[in-house]
Amino acid sequence: MKLYYWGLFISAAVVVVLILMVNNIVPRPGFTAVEPDPVVPASTSVEPAPEPAPAEPGSAVAEPATAVAPPARSDSGWSAVAYRKEAPAGVATLISINSAHLTEEGGFDRIGLHFQGAVLPGVSAEYTAKILQDGSDQPAQLAGNAFIQLKLLQAKLPDAKSGLTQPSRGATLNRPQLRAFTLNGTAGNIISIGLGLDHGADNKSVFRITEVSEKTESVVYVDIR
C-alpha cells in the first residue's frame, strides 16, 4: 500500500517538473535560461549634427566670395586713371602758369594754373600717346617720354582789353617728373595744355588734381609723381 502512494507521489512530482520546464520556469537539462532583452521605447529627441572636422594643416580652405569695388578717382587721390570734373557756372580766366618741386609725401612735381577771381573751370586729364597742335594732327614739340593731355573746360585767356598779362604758352621745366608743358589749344572756351613727363617704360607716373578757390584768385594744381 505504501508503495502505491509513493508511486503516485513520484508521478505527480514528475508532472509538475515537466510543466515548469515547458514554461521556462525551470531550465531544461543541458540548457541555460536567457533573459529576454528589455524593450526600450523609441526616443523622439534628435541628436545634434556632428561638428565639421578641422581642416588638415596645409589644406586649402574656400574663402567666401566678396564683391570688389572698382577703384575710385577723387580730387585728392593719386592715380593714372583719366580724371574729369564738369565745369560749374561761369567762365574762368587763366592768368598765369607756374611749376615747382615739393618734398612732401616723398616728393612730387606740381604745375599751378591760376585763375582770376573765385570762378574755377572744369578739368579733364588723361594719358595720351602724343600731344597734338591745336586744330591739326601734327604733334607738338614737347620734351618727355610720356604725355598727359589736360583740358580746362569753360576757360579762356585774358583778352586785350582786360589789361591782364597773358600766361606762358609753354616752357621747358626739367623737374624730376614734369619735363615741359605747352598750351596746345584755345578754342570754344576750352584751353588745352599738354604735359611732357619723364618716367621709365614700365612705370607710369600717377597724378592728382586739387583746387583752391579764393575771392581774388583761384588755382587748379596738377601734381605728378
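Let's start at Leu195: setting aside neighbours within four places in sequence, Leu195 is in contact (heavy atoms within 4.5 Å) with Ile111, Ile131, Leu142, Ala146, Phe147, Ile148, Leu178, Ala180, Phe181, Val222 and Ile224. Apart from it lies another core, of five residues, including Ile131, Ala140, Phe147 and Ala180. A nonpolar core here is a set of buried Ala, Val, Leu, Ile, Met, Phe, Trp, Tyr and Cys residues joined through side-chain atoms within 4.5 Å.

Keep in mind that this is a predicted model, in which local features need pLDDT of at least 70 and side-chain atom pairs count only at pLDDT 80 or more, while totals for chains, interfaces and linings use all residues. Residues are numbered from 1 along each chain as its sequence is written, and side-chain values use heavy atoms, without hydrogens and water.

Now follow strand S8, residues 178-187; strands are DSSP E runs of at least two residues, and helices H or I runs of at least four, numbered from the N terminus. Seven of the ten residues of S8 are buried, so this strand is largely enclosed by the rest of the structure. Buried means under 20% relative accessible area, with exposed over 50% and partly exposed in between (1.4 Å probe, protein chains only).

S8 has partners to look at, where pairing requires at least two DSSP bridges between two strands. With S7 (residues 170-172), S8 pairs in the antiparallel sense over three bridges, and Thr172 has Ala180 as its bridge partner. Five residues lie between the strands of this hairpin, where Asn174 takes a positive phi near 60°. S9 (residues 190-197) runs antiparallel to S8, joined by eight bridges, with Gly185 opposite Ser192. Two residues separate S8 and S9 in their hairpin, and Gly188 in the turn has a positive phi of about 60°.
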